[in-house]
Each structure stands twice: as C-alpha cells, then as structure tokens.
Amino acid sequence: MASLSVPPVLTSPHDDAIQLYKAFKGFGCDKAAVINIVAHRDATQRALIQQEYRSMYSEELNKRLSKELSGNLEKAVLLWMYDPAGRDATIVRNALSGDIVDPKAATEVICSRTPSQIQYFKQLYHSMFDVYLEQDIEFVAFEDHKKLLLAYVSTMRYEGPEVDRASLEHDAKALFKAGEKKLGTDENTFIRIFSERSRTHLAAVSAAYHSMYGNSLKKAVKSETSGLFEFALLTILQCAENTAKYFAKELHKAMKGLGTDDTTLIRILVTRTEIDMEYIKAEYQKKHKRSLNDAVHSETSGDYRTFLLSLLGTAH
C-alpha cells in the first residue's frame, strides 16, 4: 500500500508546469512550491507534467530541477521524477557504472524486486542505456555474488500463492546438506534454490528448515556465506518472508548511529512510496515503538525533510 497522498481535486499537468516555471523564476527557487506539486503527483501525473513543461518551455524539467535544487533534496526529487521501473533502472545503472560503484545498492534493488518488476526494468535498462543489465553485472560483480545476480535477473519465477509441498522438504534438506551439514559450503545449491523458487515457496522452505533442523535458514546463510553474496541471499530470503519488514530494517540501519546514510534513506523512501510504504511504516512502528515519520524528521532537516515527509504522507 502506497503512502503517496494526491490532492482530491488535481490541477492539470499544464497548470502544474506553469506553477513550476513560476517557482523557478526570479531570485532563488520557491522550493516549497516545487515540493508541494511534485511530492503529491503519481508517476503518470509526473510524466505528463514533464511533457507539458518540455512543450511549453523547450526545456527538460529535470534539467531545470537540477539547476534549481542542490544536495540531498536535488538527489531525492530527481529520483522521484522517474516512474518506478525507470527509477530502478537508473539506480542500478548508477550503482554499477557511476563515479562511485555501489554493488550493494544494485544488489538491494535487484534482489528485492518481483520477477515481473525485474523483467520490466531490464527492458528499460537496455533502452535507456544501450547496454544489457547482465553485461554491467558481469563487469562489476564477482564469483558467487555474480552467479546469483545473473541467475536472479534471468529466471522467471512463479509469482502466485501456491506452494509445491512435495519439494519443500527436499529443498530444505538440500540447503542443509549444502551448508550446515558439511565442511565448507556448496554455494551452487544456494544459488539454484534462491534464484529459481518463488517468494511464497522460499518462505515456506525457510519455515520447513526451522522445524526440521531447529535453526533458522537466515542464520545458516549468515554462518555459511559472507560479503555481498550473503547480503544478496539475505535480501532474497527476507523479501520472500516479509518485504516491508526488510525495508523497515534497512531504513533503521540507515538512520541509526552517528550520521545518516542519506543515499540509502533516499533510495528506499523514494522507491517504495508508490508501492508498499504504509506497510513499511507499520513494520517500523511495530519493531521500534516509534513512527518512521518521527525518525525521518529527527534525522533530516530543511526542504529535504519536508520533501521526504511529504512522500511519507505527512505534511510538516
């Protein structure tokens, strides 16, 4: 369930484009006006505003936004202006081939998306950047992490609720034999099961594993693997069990301790606002006895804070 709040009576994309142009004019940008418009429009509406702006002012709206805004506010707003699939493609491309390579960010996006989301953003990836996602993965990732990502983006997993009961125990046994039961780890078995099974099935395998061996599959992954390969497996497993809980946890990590990991905070808040942010907020509240909105309010400031809280469905 999305947290995006769109006004009950919308102004037209044409009028929004005019208001944005007015906000840019004169000395300094009226950031409050910009936020008030873009943070309360869905992906379709944002695309229409961009079209109107281009045809009226012969300028790309995003280019103008990048001139008028700066810092974390600029990063967050520019990322928000994409539709969800285009945004995923852009995040992963920047993470795999930008100035600062961030394979962990690319892994989070890839391993937390459904097969249909992956297929869609893979197509956009190629049309936007003229390179196949698999080529960039080949270039940046290594060994088991690379094998898992390549398998994960190329396998069309089932997305329904049914589970093949007969193969549950078989998969749980195979994972036990490949990890905790033996000296060393058979990584290929983990890669095969984690990349081929549906989310519902993998969550059921995890439950079967616990009841058969008295240990959680998550703990087994942590003890048998490491680094980005471990992070990828854990992301797949935790998103299979409860995607909202996974993102609530990652948001907490981004904000705890000294300083805030704004890159992660922006990436998760912006990418999940139109998908499941209300569920993430509920999971965050349940775990930390504090609202996500309150945490974001404490860790951010100024127009950047206003924008993020607007996405979360809070007007401050």
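pLDDT is the predictor's confidence in each residue, from 0 to 100. This is a predicted model, with local features needing pLDDT of at least 70 and side-chain atom pairs counting only at pLDDT 80 or more, while totals for chains, interfaces and linings use all residues. Residues are numbered from 1 along each chain as its sequence is written, and side-chain values use heavy atoms, without hydrogens and water.

**Exercise 1.** State the confidence of the chain, then of its elements.

*Solution.* The chain averages a pLDDT of 93. At least 70 is reached by 97% of the residues. Among the elements, helix α11 (residues 165-178) has the lowest mean, 92. Helix α5 (residues 71-80) has the highest, 97.

**Exercise 2.** Classify the packing of α9 against α10.

*Solution.* Take the axes, which are lines fitted to C-alpha atoms over the stretch in contact, with angles from 0 to 180 degrees between N-to-C directions. Those of α9 (residues 133-140) and α10 (residues 143-154) come within 9 Å and cross at roughly 170 degrees. Therefore α9 is roughly antiparallel to α10 (angles over 145 degrees count as such). Next, list the contacts (heavy atoms within 4.5 Å). Leu-133, Glu-134, Ile-137 and Glu-138 of α9 meet Lys-146, Leu-149, Leu-150 and Val-153 of α10.

**Exercise 3.** Describe how α6 packs against α16.

*Solution.* The axes of α6 (residues 84-97) and α16 (residues 262-272) come within 10 Å. They cross at roughly 160 degrees. So α6 is roughly antiparallel to α16. Arg-87, Asp-88 and Ile-91 of α6 make the contact with Arg-267, Val-270 and Thr-271 of α16.

**Exercise 4.** How many residues of α7 are buried?

*Solution.* Apply the cut-off: buried means under 20% relative accessible area, with a 1.4 Å probe and protein chains only. In α7 (residues 103-112), 8 of 10 residues are buried. Among them are Glu-108, Val-109 and Ile-110.

Terms used
Helix = DSSP H or I, 4+ residues; strand = E, 2+ residues; numbered from the N terminus. Parallel < 35°, antiparallel > 145°, perpendicular 65-115°, else oblique. Buried < 20%, exposed > 50% of the residue type's maximum accessible area, 1.4 Å probe, protein only.
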